[in-house]
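Trainee: I'd like to learn how to read a structure like this one, feature by feature. Please take me through it slowly.

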Amino acid sequence: MTTPVPQNRVAQWIEYRLPVFSWTNKHLIDYPAPRNLNYWWNFGSLAGFMLVLQIVTGVVLAMHYTPHADHAFDSVEHIMRDVEWGWLMRYLHANGASMFFAVVYIHLFRGLYYGSYKSPREILWWMGVIILLLMMASAFMGYVLPWGQMSFWAATVITNMTSAIPWIGETVVTWLWGGFSVDHPTLVRFYALHYLLPFVIFAVVFIHLWALHHRKSNNPLGIDIKSDKDTIPFHPYYTVKDMFGLGVMMFILLLFTFYMPNVLGEVINYEKANPLQTPAHIVPEWYFLPFYAILRAIPDKLGGVVAMAASILILFILPWLDTSRVRSARFRPIYKWAFWVFVVDCIALGWVGANTPEGNFIWIGQVTTGYYFAHFLIVVPLIGKFERPTKVPESIHQAVLKGGEGAGEAAAAGAAGAAAAPASGEQS
Amino acid sequence: MRRALLAGLVIGALALSGGQAAHAAGETADVPDQDWQHEGVFGSFDRGELQRGFQVFQEVCSACHSLQYIAFRNLVEIGFTADEAKAIAAEYEVEDGPDDEGEMFDRTARLSDYWPSPFANDNEARYANGGALPPDLSLITKAREGGADYIYALMTGYEEEAPEGMEMADGMNFNHFFPGQQIAMVAPLYDEAVEYVDGTPMTLEQHARDVTAFLSWAAEPELEERKETGLKVLIFVFVLTAVLFVIYRRVWARLH
């Protein structure tokens, strides 16, 4: 273990004035992390890395991009053709957005599976939801910047949603646009906000981590850290594990960036924005598809917008909708199934969102939308009431030292066969 | 193996005949998959093909289509010498100015000039083309579903006569692969449309392949650098990740 107080005199001088050394030690080196974190716990740091990568590539792109309705598209081609490594920066940034959402979604579903949103991590969870909302706003506005056909029409469709607000809707839309249609003023304000929001995300990430380090990480068993035996120092154990995870993620991201940089995009966005010609199909990027499906599932415009907003806002109250006091789905035989059904439901929503709302897609979209909300409002609260959780281990180290996580889980499941222990005491 | 091959052939034949049936019904045909040298991990462009494709573009397409993101200097990238590129530029006039007296003037194009558009603006382009706007071609293989395969299919997908029972609008031409199967563009390529000097057969298919390869380059001039760099980077990241995995396992082996 490193000593909190540095020996070097310059370091001591700095430490006395700004405790960077003891702070680093406390939060990155000796920081006690549960010893049983599995690979699903890699995704938080991966999301953090993606944020930094998006900011770095984004700042470079901003140096060569022109936020003007007449020049934006041309300036993107200038980046692709004339700027040294410009194509790499742009493809990294565009595919990086997808990678960012992919890791954040996995991170979020990790939280759902292992009950990471439950007491005492509600505020930590809220910060995560706020980050997700900010990411969505950033991604949407970033997508508008190349000013291609889909940029323009996506901006038109999405901003038009606010017109559904009773009475003031139309005024709000005009205000958002800075005019009477999506045009140059819209592009410039989206650019300004697209540059600003990542730094706001950065600040919220800081609060997210503050809350995390205050109450420490949840873990696959969902039980609290009870003694030093339950934890290991963050460095070197999780630094090296995070580095390995980073390598895997970068391999995937770079595979897309170098060899299929446009597969996730829409071909029509390589045509300049044309306000007089609406594309045959207006579809958002893949990471918005489930929400797009929810928006279109409701036949009423305002209803659709409300449902779409509610689909994310509902996450804020999830800690109270879930009535079970057992965190990890490992010990929740019914919730475990409900979780996977919910995952399938979200994927089905994405599939519906990618297709034109005709024929069977209409009712499939409505059923999957209905189930999305039913999961939170009916399934989760009821399971908490009626489910009999299996026996939760006494402590992390006891479960782990029986011979690894898998064995710990098997032992717990075996012990649970007869009588399910009431989930009390264990969780606080 | 043989059986699988046979089954594949049968399915392929069925798919093709299905495609033919769809034509009759007036639906756009599926674009057949073509092999391109620039596809795949080791993909690169054939300079000879690019130059022939450029010739097709210059002698045929450029009469109506612009290529706004390609400058004469870029021609060096497809294997022309700087002098050859200068000579090509010198065939064109571009507007420059204002001069010292405030007048705009025409001058011979230089390497730094972009490919001149055949029309002054979209309205002129539409007026000259029966109301249809010939799209700019510098991103065309990226801006169409099916990419290079689609462009090749479009070039070779014309029929002199529309199938029986199909009503063609005035001035439209039948093409199997264009959405709606009615396209304003007259079949631009045919056998010996362009005279090659390198002995390459001057067939419609060859012209179409060459010009499609050229347009693929015009849309993605970074393709070769991207794929070469990508291979090195991915090998490096793969090895690094493998090493990190070993380190991770060894560090964690200390734990009990």
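**Reading the model**

Mentor: Start with W167(A), which is exposed at a relative accessible area of 86%. Exposed means over 50%, buried means under 20%, and partly exposed is in between, with a 1.4 Å probe and protein chains only. Keep in mind that this is a predicted model: local features need pLDDT of at least 70, side-chain atom pairs count only at pLDDT 80 or more, and totals for chains, interfaces and linings use all residues, while side-chain values use heavy atoms, leaving out hydrogens and water. As for labels, residues are numbered from 1 along each chain as its sequence is written, and chains are lettered from A and ligands numbered from 1 in the order in which they are written.

Trainee: Where is W167(A) placed?

Mentor: In the loop between α7 and α8 (169-177) of chain A. The element names come from DSSP runs, numbered from the N terminus: helices are H or I with at least four residues, strands are E with at least two. W167(A) also has a positive phi of about 65° although it is not a glycine.

Trainee: And W147(A), is that one buried or exposed?

Mentor: W147(A) counts as buried, at 5% relative accessibility. It has a positive phi too, about 55°, and it is not a glycine either. Look for W147(A) in the loop between α6 and α7 (149-160) of chain A.

Trainee: While we're on backbone angles, which residues does a cis peptide bond join?

Mentor: One such bond joins S119(A) and P120(A), with omega about 5°; P120(A) sits in the loop between α5 and α6 (122-144) of chain A. Another joins H235(A) and P236(A), where omega is about 10°. P236(A) lies in helix α10, residues 234-259 of chain A.

Trainee: What should I look for in the fold of chain B? How many helices and strands does it have?

Mentor: Eight helices and five strands. Of the 256 residues in chain B, 40% are buried.

Trainee: How do I judge a single helix?

Mentor: Check its span: the expected value is 1.5 Å times one less than its number of residues. Helix α7 of chain B (residues 204-219) has 16 residues and reaches 22 Å from first C-alpha to last, close to the 22 Å expected. That helix is mostly covered, with 14 of its 16 residues buried.

Trainee: Now the surface. What forms a negative patch here?

Mentor: Patch residues have over 30% relative accessible area and no salt bridge; like charges are joined within 9 Å, and nonpolar side chains (Val, Leu, Ile, Met, Phe, Trp, Tyr) within 5 Å. Asp and Glu count as negative, Lys and Arg as positive, and His and the chain ends are not counted. Each charge is placed at NZ of Lys, CZ of Arg, CG of Asp or CD of Glu. Here E59(B), D191(B), E192(B), E195(B) and E205(B) form the negative patch. E195(B) is exposed at 62%, in the loop between β5 (182-183) and α7 of chain B.

Trainee: Which residues make the nonpolar patch?

Mentor: V10(A), W13(A), I14(A), L18(A), V20(A) and F21(A), covering about 550 Å². Areas use the Shrake-Rupley method with a 1.4 Å probe, and for residues only the protein chains shown count as cover. Helices α1 (9-17) and α2 (20-29) of chain A each give two or more residues to this patch, and α1(A) gives the most, with three. F21(A), in α2 of chain A, is partly exposed at 35%.

Trainee: Why do charged side chains pair?

Mentor: Opposite charges can pair when their charged atoms come close. We call it a salt bridge when a side-chain nitrogen of Lys or Arg is within 4 Å of a carboxyl oxygen of Asp or Glu. The whole structure has 16 of them over all chains. D74(A) and K272(A) meet in one at 3.2 Å, N to O. This pair links distant parts of the chain, 198 residues apart: D74(A) is in helix α4 (residues 72-81), K272(A) in the loop between α10 and α11 (289-297).
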